[in-house]
Amino acid sequence: MTTDALIRVENLEKTFGGKIHALNGISAEIHRGEVVVVIGPSGSGKSTFLRCLNLLELPTGGVITFEGVDITDPKVNINIHRQKMGMVFQHFNLFPNMTVLKNMTVAPVKLKLKTREAAETQAKQLLTRVGLADRADAYPNQLSGGQKQRIAIVRALCMEPDVMLFDEPTSALDPEMVGEVLDVMKQLAREGMTMVVVTHEMGFAREVGDRVIFMDSGKIIEEGTPEQIFDHPQNPRLQEFLGKIL
Amino acid sequence: MQAWWENIKAQFDLNFIQRSRWRFITTGLGNTLLITLLALLLGTVIGVIIAGVRSTYDKTADGARPSFGRKVLGFFNGLCKVYITVLRGTPVVVQLMIICLVIFSWSDNGVALASLAFGLNSGAYVAEIIRGGIMSIDNGQFEAGRSLGFNYLQTMWYVVLPQVVKNVLPSLMNEFIALLKETSVAGYAAVRDLTYGGNTIAGQTYSYFMPLIVVALIYLALVMFLTSIVSRVERRLRSSDH
């Protein structure tokens, strides 16, 4: 294992209620500028894995090191580190009582990372980049699903994160809106953002992913480049999985 | 018809004009409003604190590390549960009498004691309304707040509570309308509220019809006025529903 990993995960374990083993000893590294795509059947633990990375789920075992800090240490103030880990959810989770602009600026302003003016200027630039400059004053329920998810992505970007975590960002979208969200993510990848993406979009995984991780029953079964995973799968479970979805 | 009208006039004169008996009504009304207002303030403070403790305990239950702070929170959570169970599980008039006639039997400040009793009682109901409002907010809102780097309290304050206020405001205002009517039992502890005032007049004049009808009409007018405010607030909230 190399030492320049942005996130290093060692023997990560997560059990729910002491009985259900969602993660059984996951070890992985995510490097700067890398796009890692996590695939696997439902219930394989891939979302849990992602949610452990910023401690939305508290691991029951193992160590997660982010930028050289063991964030699983109870003495570490996780809030500081979460500021550097953007997260995009399946169900967008925009704040319904705030305008798009407020959604994007509330965290950097209230956390005193930026002045209101600076935050709004930056938010408007980001909105322009994702083609939603005219929706700054709209409320989330006035937006389509695809627009909501693009807003959710730029909201996370307003914190200027070092890594972006995507938890099935297109799974709740109508099919015709998947493309616009994936386009934003591809653009982000081209700009060199470090990304961990849990998704069922195999096309995206193949096109954008630097590395693909296949998980099943709480373990990493196989990982490699998209070519290795999709064209030359080794493990029978991966072969079966790909046979079902491709 | 003529005789009936003369009778009403005589009744009115006897019950309100003679010996300035209307003062029982006005002081009683003043006390009722004062008790309701003070109980409302106390109930809100208690309710917010209890709801804060209870929902923080519930919200942070999953994946919480066992720690001293967690134990302290658990202790207060248990305390709040007992408080809610007792205060909601016994009649408010009994609580009032215990406070006025047992715990503070040495004090004769009936209005203050009644405010305390109704405030303590109302706090239990307000707590559950607010807690329900907090728990009804989708957990994704918490997670989004936390993922942006807000700590628990910041997430509550900036993200969750503004949504909660909007959701529970009508229920809270209805709770306070109910509180206004509930204070009518204050007379059980010899607190001179509106109902007690009407009852006093009736006791002096041996005529119940006029004083009690007037008392009832005053309550009705107050409740109708407050209800109209609630529906206006509800409309405003709905129209700002984005």
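Let's count Ala, Val, Leu, Ile, Met, Phe, Trp, Tyr, Cys and Pro as nonpolar, Asp, Glu, Lys and Arg as charged, and the others, Gly among them, as polar. This is a predicted model, where local features need pLDDT of at least 70, side-chain atom pairs count only at pLDDT 80 or more, and totals for chains, interfaces and linings use all residues. Residues are numbered from 1 along each chain as its sequence is written, chains are lettered from A and ligands numbered from 1 in the order in which they are written, and side-chain values use heavy atoms, with hydrogens and water left out.

Now for the holes. A cavity here is a set of points on a 1 Å grid over the protein atoms alone where a 1.4 Å probe fits but cannot get out, and its lining residues have an atom within 4 Å of a point. Two cavities reach 30 Å³ or more, a volume being the space filled by probe spheres set on the points, which are joined across faces, edges and corners.

The largest cavity holds about 50 Å³. Its lining splits into six nonpolar residues, one polar and two charged, with A:Arg129, A:Gln187 and A:Glu191 among them. Helices are DSSP runs (H or I, at least four residues), numbered from the N terminus; α6(A) gives this lining the most, three residues.

The second largest cavity comes in at about 40 Å³. Both chains show up around this one: A:Gly86 and A:Arg155 are among the lining residues, and so are B:Ser147 and B:Leu148. α5(A) makes the largest contribution, three residues, and the lining as a whole has four nonpolar, two polar and one charged.

Note on methods: On a 1 Å grid over the protein atoms alone, a cavity is a set of points where a 1.4 Å probe fits but cannot get out, and a pocket is an open set with protein on both sides within 12 Å along at least five of seven lines; lining residues have an atom within 4 Å of a point. Helices (H or I, at least four residues) and strands (E, at least two) are DSSP runs, numbered from the N terminus.
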